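Here are my notes on this model, point by point. Please read them with the structure open.

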Amino acid sequence: MTTPDTATPARVSPAPTAAAAVGTPRRRTSLGPVGLVLAGGVSVQFGAALAVLLMPRAGALGVVTLRLMAAAVVLLLVCRPRLRGHSRADWGTVVVFGLTMAAMNGLFYQAVDRIPLGAAVTLEVLGPLTLSVLASRRAVNAVWAGLALAGVFLLGGGDFGALDPWGVVFALAAGAMWATYIVFSARTGRRFPQADGLALAMAVGALAFLPLGIAESGAKLLDPVTVGLGAAVALMSSVLPYTLELLALRTLPASAFAILMSLEPALAALAGFLILDQALSAVQALAIALVIVASMGAVRTQVGRGDRGTPQESPR
């Protein structure tokens, strides 16, 4: 969440915040752009798995609060955004962007507190995937939508009886917020230079979420060990993947980036298996594969119609 912190075809947006901060590289990194993107994706999902382990200490809302606060501090120190010279419309956009990020992360962590990480990310992906399908308006996208729905049907065992109903609701709501995030990320990127808008929006989201975290966790948020683990979640789910993806976007085409981001449900399932001992059945693995294929297909359809947008990462 992501970060953070914490990937789909709908990350293709016209003018995202991250894209404005990307310059022309002088040389390639030794890891390569594809390796950077995959490393960022692994960091996001393993950060989310760490957040699940932290929830018994601070609660889901407390973890989100720590993560947003830590990410906001780092981004503000790095970006040092200007506070003056912005219009009322600029501030309105960045406030909505920040509130959307806070809601997206809060809903996502409520979901992973109830259902496996791989299932939560797969359901969340439906939000951006739906946005991508609707934006394309091509008949072939009915195929991708059908594959995605088939995957969701299999993931829920036909009626979602195997998953906590509230976990499913929270994951789907997080997906809706993710789609909204993409829209306002593009608007913020057009109004603020480099990553200034993202830094300001993260601060807005952190401040807005703070009362919820205090209400649920109280003094637990001041425990040094909890604070340290929360900072680690922020680093893994926001700061590190954000930096790696910026480096990758210097040389990696937008279409390739978006396709790689479509692998997030699989990375989430791997993180859940290795860290949280959340094993997948063969049917659930097939369900995740169907959603991944649908996401990749939707990306290729967007590229085929001449979409020149730049992908946008999710600070989950």
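**Notes on helix packing and aromatic pairs**

1. Start with Thr-65. Leaving aside neighbours within four places in sequence, Thr-65 is in contact with Phe-209, Leu-210, Gly-213 and Leu-221. Note that the model is predicted. Thr-65 lies in helix H2, residues 33-79. Its relative accessibility is 2%, so Thr-65 counts as buried.

2. Next, the packing of two helices. The axes of H3 (residues 88-112) and H7 (residues 196-217) come within 7 Å and cross at roughly 55 degrees. The crossing of H3 past H7 is right-handed.

3. Who makes this contact? On the H3 side, the residues include Trp-91, Phe-97, Met-101 and Gly-106. On the H7 side, they include Gly-197, Met-202, Ala-208 and Phe-209. By class, the contact of H3 with H7 has 14 nonpolar, four polar and no charged residues.

4. Now the aromatic rings. The count comes to four aromatic pairs. In one of them, the ring centres of Trp-91 and Phe-192 are 6.5 Å apart and the planes stand at 75 degrees, so the pair is edge-to-face. Trp-91 is in helix H3 and Phe-192 is in the loop between H6 (165-191) and H7, so the pair ties together parts 101 residues apart in sequence. Trp-91 counts as partly exposed, at 29% relative accessibility. Phe-192 is buried, at 3%.

5. Phe-97 and Tyr-181 form a tilted aromatic pair, 5.2 Å centre to centre with 35 degrees between the planes. This pair links helix H3 to helix H6, across 84 residues. Both Phe-97 and Tyr-181 are buried.

Methods:
Residues numbered from 1 in each chain as written. Predicted model: local features only at pLDDT ≥ 70, side-chain atom pairs only at ≥ 80, totals over all residues. Heavy atoms only, no water. Axes fitted to C-alpha atoms, helices over the stretch in contact; angles between N-to-C directions. Helix = DSSP H or I, 4+ residues; strand = E, 2+ residues; numbered from the N terminus. Left-handed = near helix turned anticlockwise from the far one by under 90°. Contact = heavy atoms within 4.5 Å. Nonpolar A, V, L, I, M, F, W, Y, C, P; charged D, E, K, R; others polar. Buried < 20%, exposed > 50% of the residue type's maximum accessible area, 1.4 Å probe, protein only. Phe/Tyr/Trp six-rings, centres within 6.5 Å; stacked < 30°, edge-to-face > 60°.
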